Amino acid sequence: AYQTNLLGKVKMSLVVDRQDDTELIDVNQQVAETGLWNFQQICLGPPLEDHTPTLTQWVALHHRLFTQQATPYADFAVWLPYGERILKEFKYQVWKQVGRGEYRQFEKTGPNNLLAWEASWQVFRTALIGLSIVAPAVLDAYLACFRQLCHDYPEAWGLLCDAGNHFRKHEALSIRREAEGAYYRGEHWAI
């Protein structure tokens, strides 16, 4: 069971999205309990300990999805296994074109390799399944695709990480809406 009396406010920028300045005061333990129950019903068992979101992660993602009506997104620079128990900050390098034929290396905050990214992904996957947002098969297909890209282009880790963040934050909702519309119209690709 989760403890609620020790939490106080939840800052979205420290839990789910560094660009969201929202502070949550109402931390509802029922969100996490319902999420875990849903996950166990769908996956026929509980998540592994290091795949289980913290209470603040459950509440913050629930708020993002159902109150803010935002995309199913978590910034893997702050969305980590065990949440606040991990204090290490990860960084990765990305090359960007800054002029004609000129590139500059930038340092960004986030997982610095596939193993660290997957650790955050597994917690995110548990939360999305528990909140009944995405089916496990869809999440597993996304992971397989991302792994394949990392295998095929290991030197492009920074670009892949940036592209994955952009997709999850900005594109996922429009793709879902397009697929739902196609499904309701009976289009074969969405069935």
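1. Let's start with Cys145, which in this predicted model is partly exposed, at a relative accessible area of 47%. Cys145 takes part in no disulfide, and the nearest cysteine sulfur, in Cys150, is 9.6 Å away.

2. Now look at Cys150, which counts as buried at 11% relative accessibility.

3. Next, the strands. Strand 3 (residues 91-99) and strand 4 (residues 102-109) run antiparallel and are joined by eight bridges. Lys91 stands opposite Thr109 in strand 4. Two residues lie between the strands of this hairpin, and Gly101 takes a positive phi near 70 degrees.

4. On to the rings: there are ten aromatic pairs. Trp117 and Trp121 make a stacked pair, because their ring centres are 5.4 Å apart and their planes are at 10 degrees. These two residues are four apart in helix 4 (residues 114-130), so about one helical turn separates them. Both Trp117 and Trp121 are buried.

5. Compare Phe146 and Trp157: with centres 5.9 Å apart and planes at 75 degrees, this pair is edge-to-face. The pair links distant parts of the chain, with Phe146 in helix 5 (residues 136-152) and Trp157 in helix 6 (residues 157-184). Phe146 is buried at 5% relative accessibility, and Trp157 is buried at 11%.

6. Finally, find the aromatic cluster whose members include Phe76, Trp117, Phe124 and Phe146. The charged end of Arg168 sits over the ring of Phe76, 4.1 Å from its centre. Arg168 also lies over the face of Phe124, at 5.9 Å from the ring centre.

Key: Residues numbered from 1 in each chain as written. Predicted model: local features only at pLDDT ≥ 70, side-chain atom pairs only at ≥ 80, totals over all residues. Heavy atoms only, no water. Disulfide = S-S within 2.5 Å. Buried < 20%, exposed > 50% of the residue type's maximum accessible area, 1.4 Å probe, protein only. Pairing = 2+ DSSP bridges. Phe/Tyr/Trp six-rings, centres within 6.5 Å; stacked < 30°, edge-to-face > 60°. Lys NZ or Arg CZ within 6 Å of the ring centre and 35° of its normal.
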